[in-house]
Amino acid sequence: MTVEESKRFLQVILHPDFKPADLAGWRSIKDAQKWAADNWGSKAAPWKTTLVKVPDVLENGQPVYVSLKHVDTVKIAKAIFEDRQNHTGFALFPTVKKNQRGERIYTRPQHCTWWQKAQEELGYNDEVIAALIVYSDVTQLSKNDSQKVWPVVISLGNIAVEHRWKRSAKQMVAMLPMGNPKWPSSVKTQLFQDCMKIVLQPLIDASNSSTGCAWTDPSGTLRTVWPLLYCYACDYPESSKVSCTFQHNSNRPCSMCYVEKDEMDDLVNTFAPRTVREQRFVVDKFNRLLETGKTVAGDYAKLWSSFPTPSFLWEFKYASTPWGNPYLALMPDVLHQSDVGVWGHIRDALATLPAAKNGAMDTRLKWFWENGRIAGLYLPHHGTYFGSGANVSAAEHRAIMQVSVFILEGLVLPQHMIAVQAFLRWYKALFRPRYHTDASLATCHTLAMSMIKELKAAFPKQKSKWKLIKVHMVVHFEEAIKRGGLPEEYSTNMYEHFHKDCVKRPYRASNRREWTESIIKSNQFHQMLSEVESDIKEEREYNSAFYEADTEGKRVLLRTHVVFHMQGSTARRSKTDQFEIWNTALGGRLTTLQDDLESYDLTPQTLHVFTGMAVPAGSSTADSRVTHFVRANPSHHGQLWFSHAAIRGAGDEVWYGEILLLFKILGSDERFAYVQYYDVIRVDALTGCKALRVAKAPGTQRVYRDIIDVDTIFRAVHIVESFARPGTFMLNDYLFD
């Protein structure tokens, strides 16, 4: 079991109905799972197998059937809605929020237009919306790509996004049949639609009922609940299957609107969205044209890039209304459309430049892996990125974006730098803020237009002339944020991460022959635990200490086991002395520590040293829940990691420095940091960042280092020495996390 599974099972063991005598005879975790199935198995929704006919496919003159594994989606949605673990931040009704200037802000789903319109339609007589999130995607199980699975997951937008990462906030409800890759696209699309209709039909029926569902909310209050489709989270190929549309090089390749393929680089205008009414018309007319011939009907389908297949999306309540349009629920995904999408195309364009082909870009990237450490940057270390088009994760793409300007400095032409910076400015303006207003979204729109203009100017020979579906999806972010909130609310990132728990770990724990049943049993086990925990009557104290620590400004200390012995001269210390290890790692920069301690009126014999700590984000653009980690560690997983930080000075002044040491003096509660300062020289015209240099102590040529109170550290930053101008440092202004 994973750590999370173990913790949750311990909670079950502490259930008032559990008898310690039942532990007798247990030899492994399988015994515990068997006991749970015997005693609480009725609480888990049973999985069933449905045979689905493959349309228009015959083998030896006989129809072909595939197996669909699924569970009652209404019972799963009800369990998620009622789970007490999701109570913190759980939304029941929409609220219109405004900032101090009176502007409406868009942040969580309940603060945006979809929920507001849905509630107005239902009325405010205690009618509650369950904001359904559906996710599906094929994932690889085996390294050789021989085993794949196609899970369908549901969650609720009512749950606060920070809690939606929990296992209890989402459940797998089906495993779709993979089918035969040789089948035509029309057959695979129709089969997908048939399967999804079977899986979601209980929820569709519940949404269209006249009375709603009688569910209790996480606080235990009985509510009348209407499950409505808020979002279908997926990547672009999956959205094409959901919407029954053609992909990529078709005439109208977008799942959300009717943009033509030659207009996909147009980020100025908006395009008419696909609607249920118009898509019904396309399907009906296609069927009428079939009477005159398949060619005529096929040409008509190509004109609108639509398969002649009714979509299960049409059947949800309010699907025919402008605000309930299910095609708008296929909202753009930051992970696939921007991190891997637009930036992936920029990486491909950069790979055509000489500095990529000769390995200069990858050499600098390798330096960042070895030296440029900052929390949240998962930089690849397998050697190539720009030169070979290596396949890397979305997190690695995102990390490289944030240091790309410094990698490119001096290696590419100015127009290439301008184009990359234009993309980064748009990306940061759209995805970094913790809320948006109409004005900020208008700014993002302007930056998007500037981005495509600079990309075209810098890379005019790009194969597709930037007429790409991933580029086009940029225009849909603005309407998606107004409709459903910040992009993190409907990102596929948390659901792809969920693949590890719901299918990959059970597969690896199986005998690799009956892995389907192993996956089902594992998911049933998790559902049983959630159901049993919700039965516990005693009041629980839910853990919100992480956020309280942020808002109250407390510090979380990580390691405190290293001790510096300051007495005696440096010459008499052992080579294994912790002080010497630290000083050597820092290139001798701790030799001035003793003098600075004395000038600070501190003469300790022993220092208690921390290797890292967490500080709340102090940036006005960052959410107060975000925590920054700063470290001063000569061997963090075998590598140096001495963080840079922003430090409060007098008044509104901000200083920047590198943290060489985090420590306290034994017998005192005060905590200190030993910092080497930088002076701001100017704003650098090439990179757009503040240019810095190592500060000198007033009136001397000595490097300025000082001891400060850790409470003056308010934010982690990233300072990079220029590759092209040694001795000049840049304050990285392109961090998103």
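A contact here means heavy atoms within 4.5 Å. On that basis, residues 24 or more positions apart account for 67% of the contacts in the chain with a separation of 6 or more. What I am showing is a predicted model.

Some totals to begin with. The chain has 22 helices and 24 strands. Of its 737 residues, buried ones make up 54%.

I will start with the cavities. There are 5 of them at 30 Å³ or more. The largest cavity has a volume of about 90 Å³. Which residues line the largest cavity? They are Leu267, Trp426, Leu430, Leu441, Cys444, His445, Ala448, Val474, Val475, Phe477 and Glu478. The elements giving two or more residues to that lining are α14, residues 414-431, α15, residues 438-458, and α17, residues 474-484. Sorted by class, the lining has 9 nonpolar residues, 1 polar and 1 charged.

Buried in α15 are Leu441, Cys444, Ala448, Met451, Ile452, Leu455 and Ala458. Looking down the axis of α15, these buried residues fall within an arc of 135°, so they line one face of the helix. On the face turned away from that buried side, α15 carries the exposed residues Lys453 and Ala457. What covers the buried residues of α15? The cover includes α9, α14, α16, which is residues 469-472, and α17. Going back to the cavity, Leu441, Cys444 and Ala448 are among its lining residues, and these three are also on the buried list for α15.

Next, helix α7, residues 276-289. This helix has 14 residues and reaches 20 Å from its first C-alpha to its last, close to the 20 Å expected. The buried residues in α7 are Val276, Gln279, Val282, Val283, Phe286 and Leu289. Down the axis of α7 they fall within an arc of 160°, so here too the buried residues line one face of the helix. Their cover includes α6, residues 236-243, and α8, residues 294-304.

Two loop residues to look at in the backbone. Cys244 has a positive phi of about 60°, although it is not a glycine. Where is Cys244 placed? Cys244 is in the loop between α6 and α7. Cys244 has a relative accessible area of 2%, so it is buried.

The other one is Tyr318, again not a glycine, with a positive phi of about 70°. Tyr318 is found in the loop between α8 and α9, the latter being residues 334-350. Is Tyr318 buried or exposed? The cut-off for buried is under 20% relative accessible area. Tyr318 is at 17% relative accessibility, so it counts as buried.

Last, a strand residue. Ile647 is in strand β17, residues 644-648. At 1% relative accessibility, Ile647 counts as buried. Leaving out residues up to four places away in sequence, Ile647 touches Glu653, Val654, Trp655, Gly657, Val675, Tyr677, Ile708, Thr712, Ile713 and Phe714. How many residues apart in sequence are Ile647 and Ala716? They are 69 residues apart in sequence, and 9.2 Å apart in space, C-alpha to C-alpha.

That is the end of the slides.

Methods. Residues numbered from 1 in each chain as written. Predicted model: local features only at pLDDT ≥ 70, side-chain atom pairs only at ≥ 80, totals over all residues. Heavy atoms only, no water. 1 Å grid on protein atoms, 1.4 Å probe; cavity = no way out; pocket = protein on both sides within 12 Å on 5 of 7 lines; lining within 4 Å. Points joined across faces, edges and corners; volume = space filled by probe spheres on them. Helix = DSSP H or I, 4+ residues; strand = E, 2+ residues; numbered from the N terminus. Nonpolar A, V, L, I, M, F, W, Y, C, P; charged D, E, K, R; others polar. Expected span 1.5 Å × (residues − 1). Buried < 20%, exposed > 50% of the residue type's maximum accessible area, 1.4 Å probe, protein only. Arc of directions from axis to C-beta.
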